Every structure is written in C-alpha cells, then in structure tokens.
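Welcome! Take a moment to look over the model below, and then we can walk through some of its parts together.

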Amino acid sequence: MSAYWQLTLAQLKLFIRNRQVIFWSLMFPIFFMVMLGSFFSNGNSISLSGQVIDQDNSAESQALLQAFTGQTALELKSADNEDKALDSLKKGDQQLVIIIPQGYGQALAVTSAATPNANGTAAQVVAYYDETNAALSQIGLTVVAQIVDGVSKQLTHYVPVVTVQNQGVQSLNLKYIDFLVPGIVAMMIMSNNLNGVAGQIASWRERGILRRMQSTPLAASTFIAAQITARLMLNGLQAVIVLLVGSLIFGTQVNGSWALLLLFVVLGTLAFMAIGFIIAGLAKTPESAGPIAGFISFPLLFLGGVFFPIKNMPEFLQPLIKLIPITHLTNALRQVMNVGADLTALWPEATILGGWLIVAFVVASFTFKWE
Amino acid sequence: MAMPNENIVIEADGLIKRYGDFTAVNGVNFQVRQGEVFGLLGPNGAGKTTTMEMIEGLRRPDGGHARVAGFDTQKELGKVKEVIGVQLQSTSLFDLMKVKEITRMYASFYTHTVPIEPLLDDMILSEKMHGLVKNLSGGQKQRLAIALALVNDPLVVFLDEPTTGLDPQARRTLWDIVLRLKERGKTVVLSTHYMDEAHVLCDTICLMDRGQVIALDTPANLVRSLQSDSAVEFRLPQLEAAHESAGAVRAATSGGSFGSATSAAAGSADSAATSASPAAAELQAELMQIRGVKSVDRRKDVHVLYTDQLQDTLTDLIQQAASRNWALTDLQTRTATLEDVFIHMTGRSLREE
C-alpha cells in the first residue's frame, strides 16, 4: 500500500484508539447540544416569569391585573408582598415585578374623564427589571409595554387606522435547536482542526516523530495530504453523527442539500486545518501550541455566531465578525439547514472560506517545519 | 558516481556545524568502509549526534560535505535516504500503533523493502507484533527503532546511542543484534559514550571531543597508542588521611581530635580536595619514578599507574609502599581500555562525574 494510504490509515487508527480524543471531539458537541437543546426545548418561547402587585385594589387596577395575568407571552402571577417580590427579582428567580400603585384607579378616572386633548397626568404602572439580564428584561418590558398600550387604547376607545399583519416569509417553524446545531457543527470543525492539528503536529515535532519521518524518502506533501484526508473523513463522520443526533432527538431540520452541507464541512475543515498548521509552525513548544490555538479559537467561538446571532454583537466588532472564517462557516451551514439555501445564495460564504483556505495554506507551507 | 575506493561507503569531508557562536562540529573528516561497524565515541556534547545527522542529511553542514554510497547528502538527499536506515537518539514512535502496523507504515515510505515478519522476528519482536508501541519495554522500543531502520534493507545503518538508558540485559541483547548485522555485511555507524560497548562492537573507533576527531583507529591500536598495556590501580587511604589531617591542623589548631584512625575511610572520600596539595604532588612525582610507569593518573581516591612492564612496576610499587609505610589497599591490575585512552588524550573522563 502506498505511503499516502498507510499514513491516512495510521491517523484514523490513532484517532480511534485515543478515547480521550473521541470523547472531547465527539461527545462534547453532543453534550453541548443535548444540554442547550433541552434548556430551550419548550417551544419558541423563552422562559420569563414575573409578579404583578396590585396596591390599588380598584376596579380599574383589577382589570389591568387581569390583562397582565391573562396573556400567555409572559408568565405573570399576582402577588401582594412588594419587598419579597423585589428580593426574588434581585436573586434572579424572576425577571419582572410590576406594581400597580395606589391611586391608579383614581388617576385613570381623572385622565380618561378629561377631553382627549387635555394634558392630564397619565396613570402610572411601575415595572422593575433586572438590568444585568438585559436581553430577557428587554423582551419582558416590550410585552408589558404592549399590554399597557392595549389597555390604554381600549380605555380611550382608540381605533387604529393602520394595522400590520405579521407573516414569516419562510413559513418555517424554526426553534433554537435549529439555530444551535449548525453552530455546534461549525464549532466542532474549528476546534478539531485548528486546535487539533496545532497540538498534534507540535507534539509530534517535539517528540522527534517528524524528524524520524524526515530521514525517510517520505515527501512532506504526502504526509500533509494524508493528514488532510484522514481529518476530512473524521470530520465528515463527526458532522454526520452530530446532525443525526440533532435530527433524531430534537428533530433538527435539514432543509437544503446534504451535498452542499458536506461541501461546506470540507471547506471549513481545510481552512481551519491550514490555520492549525500555521500555529503548529509558529509555536516553539507543544505546550505553547495549545494556548495559542485556544487564544485564537475561543474568541472566534463567540464572535462567529455559534451560540448567538451575529446581529446581537456590538457595532464596533461587526467588521471583524464579517472577516473571520467561523462566521461564514456557521452562516453557510445554518442557511443550508434552516432555509435550504443553495450555492447561488451562498457563493460569498464559499468564496471567503476558499480565500481563507488558500491564504492559510500558502502561509502554512512557508512556516511548516519538520523540526 | 564512481568512488576512488569502491569499499568506502561514507565520506565525511571537513564537516562543520555552528549554532550561533557555538561550534558543535569543527572540521570532522573520516571514511567508513563497507561492512564495518564504525563507532563514534565521546562524551555527551562531543558532536557525535550532529556529525551523524549531517551525514544522514537531517542537518545542513555549515562547512564541508558528506557522501553516502557516492551520493552527496545535500545535492542527492533523495537517493541517500533510500540507502540508509536511521535510528535517532530520541525518537518516540506513535504510542497507539501496533508494532506490525508501524513497521508496515515505515516500509511504505521506501521503494525497496524486506519482508516485515522475518524482520520483526529477527529483532525478537515477533511476540509483540500485535501489541501497541506504548506497552513495549525500553529495550523492545529500541529494537523496534532498529527494525524500522532496517525495513528498507539499507546499505548503512545509523544507530545513535542505541543502548543509552537500557538495563544491562537489554544492552547485551542489542549488542548481539549489532554483531549479527555486521555478520550479514551491513555497514553500521554507531555512536556511544560507553567505551566497553565501542570496544566490543566496533571495528574502527572515531574518538571525538569538543566537536573534533581526536583519534581514529581500531580499538586495539588506540589502546596500544598509550604505550602501556596495563593499568595498576590502588588506594592509599591512611596516607591521605594523614595528609589531610596535617592540612586540617594547619588550617585550624582545634582540629586535632579528627585525625584518628576511624576517620581514615571517611577522609578518603574527598581526598580530591587535597590532590593539589604539596604532599599530593610529591607523591605523584614519587610514583612516576617507579620502573615501567609511563603515566600516572588519579580518579577520585584511586591512583592509576600506566605501565608497559607490569611485573617490574608491581615489584617496585610494593617495595616502595612497604619502605614508606603507605598501607596500600585495593590493589588491582587490568588491561588498559579506551577509557584510559580518552583520559590520556583529554585529561577528562568519558562519563561526566
């Protein structure tokens, strides 16, 4: 058998026989998915709860209380101890506390009795929220504002003249897990290749394994080609396993073509492997290869839209986010799986990943050393 | 390419290697004949490994060149690699591969190979053929490294300190393997810092120190170059204890009580400290006067006399010891060794103390 196949086979065997590597590179993403997946698995809604305290006890305040507790977007319960409620808010047990203060009914009576043009003082409702949990609080406050607005409009007999009818154009019922699984596949490809290649090559160099090979007629290109082949096989397999687990346990959708999905898995693997080879070339010792790879991959994990949508990232980071390869890999996988996008829609992602691949391999070929 | 002498398989011609300001190998020349075991002998840091790796094409010389089987190791490296087998000093192999698998993998790197199972059998590894590399003992790993160096049926095998770190039994097994390679006509280049190993295995020894060749000959000729075929070793614990306590008395008047007979043995342990004393120099001169003595040496508390007339030297030594009341102990005679050659030429021991 040729050196190329022997080396490919050897790499596959080394992988399969190293239980720790199997665990971290396969079980870890699956655990991640199961954990995050079950966490957010109860439908589309994000769990948000709070309490409403009616201190007025008038007919008007009762009606508002009804409006709050009667809706389904938030889990709001009636309560009467303000201190206790605020305490549990601070502890994070709930995300909202709404207080209908004494005199609400009276204020309402005065305002609504006045003529529509009069500048009377509006009745007030106080909403306490936890500003450290900004995302959830924001959703909660939006819902509260809508309810208050609705009650307000009802009381003033406001008739809207223009209305919006919301309709999703994709007509797909996507859950968080559908967003998450492509992200996890991208994360897995990045960490296996960037961190995996950097650590392994640096350690083989340190231990003299590469030097021993250098003393044989084996060509560096054969060695690298075998590495690439073995890792492509492993990554393809891992991606398929993660996708299968996703679809069997959580019903993740793959709306686009599997072939296109595989194409992006291949592109991503090659690009990150090339970056891994660069790091292995730069690292002076195997001990430093790990931290360098971590230093690069860890921020990428957060900037690349693996767990959170990119648009939630601060404005000043956006140019960086648009540049890094993980963003495009995640996005491409997500588009294929969630929306069923085809290559005509995804050519920018394919081009950018291809660009990374070419540039990184050119740099890697200059920085790669046997010893 | 035709060689001036068809029997020469390796030519090292003025090899130089520098690392920054440090010159690791400084103009090394030698030739290795086909079928011989050629030993590079010297202490750690003598430049043995660097010299080997320049010949193997793993390091680029800063000066000079090397040829293996007529191929230049820089210009025709591809051809050189096909005809050599290499066991590196600190190679580790893939721990999670099986012995047979890794041998087959290395075989795949060459155009010409030998059958794998007989090779492993030859290296006494047939039982371990299906075992993982990580479960091999130190000696087995070293034998596997040699098997991998032989997988392409090379013209020349390079073994870089193959027995370092092995227990005595594993060392013997390895020696047998090297001798068997020689029987089969393989040319072996072996580096070692064990002089007994070099003596047993090598046809030619290239004695190296500080990046240079200090002697190049057969082991027998090297020892003969000492002009003394025997070494006489003995200790003088009482005499030295007396010297030492005399020194101690000179240094501190309250030290008298330590000069008792019981402290004699203990005192000899650091007698090296007193070797520069006037008494020691006097003793050395006295020993040189003994009949047949060519040179005098001292290793810790052991005095060594090199002689070419063993009987005369012994007779004189014992007479002198009796008349001067030296209380001679641990008297031994032995044939001079390569270690003695090295000490004679460099003033230092092969092994770091």
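Two strands pair if DSSP finds at least two bridges between them. With that in hand, strand β9(B) and strand β10 (residues 212-217) of chain B pair in the antiparallel sense over five bridges. Please keep in mind that this is a predicted model.

**A strand in chain B**

Let us stay with β9(B) for a while.

Is β9(B) mostly covered or mostly uncovered? The strand, which spans residues 204-209, is mostly covered, with six of its six residues buried. Thr204(B), Cys206(B) and Met208(B) point one way from the strand, while Ile205(B), Leu207(B) and Asp209(B) point the other way, and all of them are buried.

Among contacts in chain B with a separation of 6 or more, 68% come from residues 24 or more positions apart.

**A sheet in chain A**

Now to chain A, where four strands form an open sheet in the order β2-β1-β3-β4, with mixed pairing. β2 (75-79) and β4 (126-129) of chain A stand at the edges with a single partner strand each, so one side of each has no neighbour in the sheet. From one strand to the next, the twist averages 20 degrees.

Within this sheet, strand β1 (residues 49-54) and strand β3 (residues 96-100) of chain A pair in the parallel sense over five bridges. Val52(A) stands opposite Ile98(A) in β3(A). Helix α4 (residues 82-91) of chain A packs on the sheet and touches β1, β3 and β4 of chain A. The direction of α4(A) makes about 155 degrees with that of β3(A).

**Helix pairs in chain A**

Two packed helices are described by the angle between their axes and the distance between the axes. Here are two such pairs.

| Helices (chain A) | Axes come within | Crossing angle |
|---|---|---|
| α7 (residues 176-206) and α9 (residues 220-249) | 10 Å | roughly 150 degrees |
| α10 (residues 258-282) and α13 (residues 325-339) | 10 Å | roughly 170 degrees |

Why is α7(A) called roughly antiparallel to α9(A)? The axes cross at roughly 150 degrees, and angles over 145 count as roughly antiparallel, which makes α7(A) roughly antiparallel to α9(A). The crossing of α7(A) past α9(A) is right-handed. Residues of α7(A) that meet α9(A) include Val181(A), Met188(A) and Trp204(A), and those on the α9(A) side include Phe223(A), Arg231(A) and Leu243(A). By class, the residues of this contact of α7(A) with α9(A) are 12 nonpolar, seven polar and one charged.

The other pair crosses at roughly 170 degrees, and that makes α10(A) roughly antiparallel to α13(A). Among the residues in contact are Leu260(A), Phe264(A) and Phe272(A) in α10(A), and Pro325(A), Leu329(A) and Met337(A) in α13(A). The contact of α10(A) with α13(A) has 13 nonpolar, one polar and no charged residues.

Methods. Residues are numbered from 1 along each chain as its sequence is written. Chains are lettered from A and ligands numbered from 1 in the order in which they are written. This is a predicted model: local features need pLDDT of at least 70, side-chain atom pairs count only at pLDDT 80 or more; totals for chains, interfaces and linings use all residues. Side-chain values use heavy atoms; hydrogens and water are left out. Axes are lines fitted to C-alpha atoms, for helices over the stretch in contact, and angles run from 0 to 180 degrees between N-to-C directions. Helices (H or I, at least four residues) and strands (E, at least two) are DSSP runs, numbered from the N terminus. Angles under 35 degrees count as roughly parallel, over 145 as roughly antiparallel, 65 to 115 as roughly perpendicular and the rest as oblique. A crossing is left-handed if the near helix is turned anticlockwise from the far one by less than a right angle, and right-handed if clockwise. Contact means heavy atoms within 4.5 Å. Ala, Val, Leu, Ile, Met, Phe, Trp, Tyr, Cys and Pro count as nonpolar, Asp, Glu, Lys and Arg as charged, and the others, Gly among them, as polar. Buried means under 20% relative accessible area, exposed over 50%, partly exposed in between (1.4 Å probe, protein chains only).
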